[in-house]
Amino acid sequence: MKIGIVCYPTYGGSGVVATELGKSLAKKGHEIHFITYSQPTRLDLFSEHLHYHEVAIKNYPLFQYPPYELALAGKMVDVVETEGLDLLHVHYAIPHASAAYMAREILKTKGKTIPFITTLHGTDITLVGKDEAYEPVVTFSINQSDMVTSVSEDLKKDTYAHFDVTKEIEVIPNFIDLDRFKKQKKDHFKLAICPNGEKLLVHTSNFRKVKRVQDVINVFDKVRQVVPAKLLLVGDGPERPAMEKLSRELCSQDDIRFLGKLEAVEEVLSVSDLFFMTSEKESFGLAALEAMACEVPVISTNAGGLPELNIDGRSGFVCEVGDVETMAQKSIHILDDANLAKFKEGALSRAKEFDVDQILPMYENLYQQVIAENVNQF
Ligand code: GMT
């Protein structure tokens with residue numbers, strides 16, 4: 001199949017899922033065309049089946065805000081026509097679904113039919129999409145999509161609860177490449193960070209308010225009173241300066257290290273003993289799945305789709321949002337040498353249920369269905 005993939009090319013989870021999906025589809029021989037405003041971060045692979053089309057956003061003195069959505073729709077029209085695409089798959093509703101709708105309607109006037117699938121990832125529904133400025137457009141473009149998927153049952157429920165959506169939503173969870181995300185031997189790294197055999201705790205995120213990174217730091221502060229431990233914070237974002245300040249107030253620079261954005265996050269995960277995902281909203285929790293695949297148990301909140309991923313008592317524990325006391329107690333339980341190996345096994349076995357080889361056919365089936373329905377219409 002010839003598939004156009006539209007996503008945010010930056011570090012966000014939706015862009016990662018879209019890029020990994022395209023790469024995996026290309027490995028299976030599908031022709032994949034990424035249409036984005038810059039090279040997707042994880043598009044680091046050469047394949048004859050992978051193509052990248054940049055959306056050029058031209059400014060003009062009249063525009064206070066350059067019309068990105070129009071440039072994107074225009075590019076989609078161009079790529080569909082020149083490359084003969086079979087379908088468009090847009091990730092994150094805003095503004096990708098409405099741009100795809102516009103492209104589809106423009107192409108109709110040129111005698112070309114192109115279906116589009118919209119995948120809802122989270123904040124496009126739970127935060128930004130709900131805003132009254134966007135809601136009517138989000139509702140319209142979801143209903144106009146030829147097919148809609150969401151990354152968890154909870155996100156599907158939320159979409160029906162907050163938008164007047166009549167379209168059937170299919171749940172296809174995030175997935176993981178177990179060849180890349182696996183525990184690697186990095187003992188020298190562990191020794192450098194934990195010279196006295198301390199346990200290594202880790203959190204990765206884009207440091208937005210919704211991630212509640214302050215809870216990670218406060219839990220760590222409680223845990224280290226009982227279990228010798230170090231904390232690594234990976235990623236970057238608006239809350240980072242405040243989190244650095246908080247951590248310096250509580251601990252020494254040696255106890256909590258901020259590593260910034262890392263490409264090879266699996267190397268850090270390989271030497272970690274516990275992962276935190278303390279978000280107040282989280283549609284799936286891809287970063288937690290990456291940790292589990294590297295045999296790292298997870299302390300998560302019960303927000304959004306997290307309980308669908310993290311199985312309480314098996315791959316880690318699920319706690320109420322903001323309940324740092326319970327999170328600290330559960331962390332201490334997992335880190336006990338009598339329990340740690342069992343939780344590491346539990347994390348890995350749970351991650352295996354989201355192996356890309358199992359999830360990819362779900363997307364391929366959907367593509368075939370949408371293309372067949374499109375052909376049958378004419
Ligand atoms: O986590 C973020 O803030 C980034 C965000 C995105 O849309 O790029 O991630 C969302 O999509 C991921 C992939 O489907 C999910 O694993 C994340 O849970 C989801 N984030 C939130 O719902 C906050």
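This is a predicted model: local features need pLDDT of at least 70, side-chain atom pairs count only at pLDDT 80 or more; totals for chains, interfaces and linings use all residues.
Figure 1. To their contact domain 1 contributes 20 residues and domain 2 contributes 13 residues. The division of the protein chain assigns residues 2–175 together with 356–377 to domain 1, and residues 187–352 to domain 2.

**Figure 2. The interface between domain 1 and domain 2.** About 1300 Å² is buried between the two domains, and 56% of this area lies on carbon and sulfur atoms. Across the interface of domain 1 and domain 2 there are 6 residue pairs in polar contact, both residues having pLDDT 80 or more. On the side of domain 1 that touches domain 2, at least two residues come from helix 1 (13–27), and at least two come from helix 6 (153–162). The interface also holds 1 salt bridge.

**Figure 3. The salt bridge of Arg42 and Glu290.** The side chains of Arg42 and Glu290 form a salt bridge, with 3.2 Å from N to O. Glu290 is also one of the residues in contact with Leu269.

**Figure 4. The largest nonpolar core.** This core comprises 69 residues. Ile32, Leu120, Leu269, Phe275, Leu289 and Tyr367 are the members with the most contacts inside it. Helix 15 (residues 356–376) provides the largest share of the core, namely 8 residues. Because both domain 1 (2–175 + 356–377) and domain 2 (187–352) give residues to this core, it lies between them.

Figure 5. Apart from its neighbours within four places in sequence, Leu269 is in contact with Val202, Phe275, Glu290, Ala291, Cys294 and Val296.

Figure 6. Thr301 is located in strand 12, which covers residues 298–301. Its relative accessibility is 0%, and Thr301 therefore counts as buried. A polar atom of the Thr301 side chain lies 3.4 Å from the backbone nitrogen of Ala303. When residues up to four places away in sequence are not counted, Thr301 touches Met277, Thr278 and Ser279, as well as Leu306, Val318, Cys319, Glu320, Val321 and Met327.

Terms used:
Residues are numbered from 1 along each chain as its sequence is written. Side-chain values use heavy atoms; hydrogens and water are left out. A nonpolar core is a set of buried Ala, Val, Leu, Ile, Met, Phe, Trp, Tyr and Cys residues joined through side-chain atoms within 4.5 Å. Buried means under 20% relative accessible area, exposed over 50%, partly exposed in between (1.4 Å probe, protein chains only). Helices (H or I, at least four residues) and strands (E, at least two) are DSSP runs, numbered from the N terminus. Domain bounds come from an automatic or database domain assignment. Contact means heavy atoms within 4.5 Å. Buried area is the accessible area (1.4 Å probe) that two parts lose on being put together, summed over both. A salt bridge is a side-chain nitrogen of Lys or Arg within 4 Å of a carboxyl oxygen of Asp or Glu. A polar contact is a pair of N or O atoms within 3.5 Å; within protein, one must be able to donate a hydrogen and the other to accept it, and residues adjacent in sequence count only if both atoms are side-chain atoms.
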